[in-house]
Amino acid sequence: MYDLLVIGAGPGGYVAAIRAAQLGMKVGVVEKEKALGGTCLRVGCIPSKALLETTERIYEVKKGLLGLKVEGFSLDLEALLAHKDKVVQANTQGIEFLFKKNGIARHQGTARFLSERKVEVVETGEVLEGRYILIATGSAPLIPPWAEVDGERVVTSTEALSFPEVPQRLIVVGGGVIGLELGVVWHRLGAKVTVLEYMDRILPTMDAELSRAAERVFKKEGLEVRTGVRVTRVAPEGKGARVELAGGEVLEADRVLVAVGRRPYTEGLGLEAIGLATDERGRIPVDEHLRTRVPHIYAIGDVVRGPMLAHKASEEGIAAVEHMATGVGHVDHLAIPSVVYTHPEVAGVGYTEEELKAQGIPYKVGRFPYSASGRARAMGETEGFVKVLAHRDTDRILGVHGIGARVGDVLAEAALALFFKASAEDLGRAPHAHPSLSEILKEAALGAWERPIHL
């Protein structure tokens with residue numbers, strides 16, 4: 001019997017397994033894919049960032065680097081995709097090494113509950129037992145009933161990572177993080193990209209001011225962005241694909257990426273065998289310690305409530321395991337940042353202005369633009385801003401949001417400030433290196449507390 005049996009080796013499951021082993025637990029992991037790391041490492045976060053980083057450099061050369069003119073270069077798509085695959089392989093092999101280092105047993109196959117303590121590996125018939133069991137099966141692309149996905153002309157994010165050629169016309173259905181990141185990748189490589197979003201703005205879960213700013217930037221860079229659009233049908237047609245909109249409009253493209261969200265992946269788990277049911281969104285209900293209604297069975301990541309983020313799953317995995325081992329485990333979900341790795345990046349942590357207004361929380365705002373930063377000017381990156389939301393009466397930081405070059409890294413400090421319950425004055429008075437982009441956050445915090453120096 002294992003002390004802990006983990007189902008799924010994504011960023012939630014594998015991190016939980018390592019932490020459990022560090023705490024002296026005997027750990028087994030069931031993962032259906034040959035490569036460890038889950039969606040994030042194999043066909044999600046890591047490969048998409050490899051493409052975003054390399055295509056950003058290509059885009060910079062195409063539009064002209066500051067003080068440098070480049071002529072006569074060509075795209076080697078095969079080499080670019082090979083680099084992406086190499087990055088993925090290095091990361092998944094790294095997880096294999098960590099499993100061996102920590103003495104974690106790996107079982108390849110699909111897990112199915114036989115009872116509250118026993119799990120069968122379907123492909124091999126092997127029966128495993130765990131004193132504790134952690135469900136970390138992640139999510140899968142959501143395919144709406146009106147989309148006929150064939151994996152070639154109408155695709156999900158997985159196939160969009162490896163198009164064999166740059167499509168002349170690419171339609172992206174869904175203006176969320178995944179759709180925008182992959183749309184930007186292929187736009188940089190030469191595709192004419194159209195983004196269709198049902199809501200009245202792209203990035204609808206982020207701060208509204210940020211969403212509007214991002215839309216303006218993407219349009220300026222050449223993406224066609226249409227909001228308030230309802231798609232009624234998507235299907236392959238001939239050598240391309242057809243998109244039908246409410247009202248009768250028809251769009252044609254070489255390829256269509258359906259990126260309208262993801263759904264919790266629980267098929268085949270046999271939850272009914274242990275008396276567990278999912279909610280209306282397919283999620284497994286858990287308490288504040290990530291426990292299901294069966295006290296020794298926990299669930300984390302994309303199969304439970306909250307944003308579907310790899311680092312959120314990792315934090316929950318650690319908290320769940322520590323609760324098993326010590327009776328104490330906690331995640332500060334307010335301090336979990338969200339980043340869109342386009343250029344410029346778009347990022348946020350904590351409450352949005354809309355959430356504060358809805359909850360009736362009194363707040364004040366401090367903003368500072370990239371255009372007033374010496375470092376940003378030197379980089380030629382003056383597009384964007386950072387804003388700090390602080391409690392009107394206590395000055396405690398409630399949320400930080402920004403758009404601009406490397407703003408995801410800048411907001412790491414904001415997440416720490418939220419985690420330690422810092423005030424805007426705390427962040428504004430803390431020394432920051434000059435010249436650095438982090439000064440933009442400092443000045444925005446000074447703006448929320450009293451007033452910025454350089455504006």
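**Figure 1. A look at what lines the second largest pocket.** In this predicted model, 21 residues line the second largest pocket. If you want to find the middle, look for Glu56, Glu60, His343, Glu381 and Arg406, which lie nearest its centre. The space inside comes to about 630 Å³. Helix 3 (residues 45-63) gives the largest share of the lining, with seven residues. Sort the lining by class and you get 11 charged, six nonpolar and four polar residues.

Figure 2. Helix 1 covers residues 13-22. The buried ones are Gly13, Tyr14, Val15, Ala16, Ala17, Ile18, Ala20 and Ala21. What do they pack against? Their partners are strand 1 (2-7), strand 2 (27-31), strand 6 (126-135), helix 4 and helix 8.

**Figure 3. Where helix 1 crosses helix 8.** Zoom in on one of those partners, helix 8 (residues 310-326). The axes of helix 1 and helix 8 come within 8 Å and cross at roughly 35 degrees, and the crossing is right-handed. From helix 1, Val15, Ala16, Arg19 and Ala20 take part in the contact. On the helix 8 side, they meet Ser314, Gly317, Ile318, Val321 and Glu322. By class, this contact has five nonpolar residues, plus two polar and two charged ones.

**Figure 4. Gln89, a residue of helix 4.** Helix 4 runs over residues 77-101, and Gln89 is part of it. Now follow the chain from Gln89 to Lys100: they are 11 residues apart, and their C-alpha atoms are separated by 17 Å.

**Figure 5. Leu114 in a loop between two strands.** Strand 4 (111-113) and strand 5 (118-121) have a loop between them, and that's where you'll spot Leu114. Leu114 counts as partly exposed because its relative accessibility is 41%. Which residues does Leu114 touch, leaving aside its neighbours within four places in sequence? Leu114 is in contact with Val119, Glu120, Val127 and Ala273. Glu129 makes a handy landmark too: Leu114 and Glu129 are 15 residues apart in sequence, and 9.8 Å apart in space, C-alpha to C-alpha.

Definitions and conventions: Residues are numbered from 1 along each chain as its sequence is written. This is a predicted model: local features need pLDDT of at least 70, side-chain atom pairs count only at pLDDT 80 or more; totals for chains, interfaces and linings use all residues. Side-chain values use heavy atoms; hydrogens and water are left out. On a 1 Å grid over the protein atoms alone, a cavity is a set of points where a 1.4 Å probe fits but cannot get out, and a pocket is an open set with protein on both sides within 12 Å along at least five of seven lines; lining residues have an atom within 4 Å of a point. Grid points are joined across faces, edges and corners, and a volume is the space filled by probe spheres set on the points. Helices (H or I, at least four residues) and strands (E, at least two) are DSSP runs, numbered from the N terminus. Ala, Val, Leu, Ile, Met, Phe, Trp, Tyr, Cys and Pro count as nonpolar, Asp, Glu, Lys and Arg as charged, and the others, Gly among them, as polar. Axes are lines fitted to C-alpha atoms, for helices over the stretch in contact, and angles run from 0 to 180 degrees between N-to-C directions. A crossing is left-handed if the near helix is turned anticlockwise from the far one by less than a right angle, and right-handed if clockwise. Contact means heavy atoms within 4.5 Å. Buried means under 20% relative accessible area, exposed over 50%, partly exposed in between (1.4 Å probe, protein chains only).
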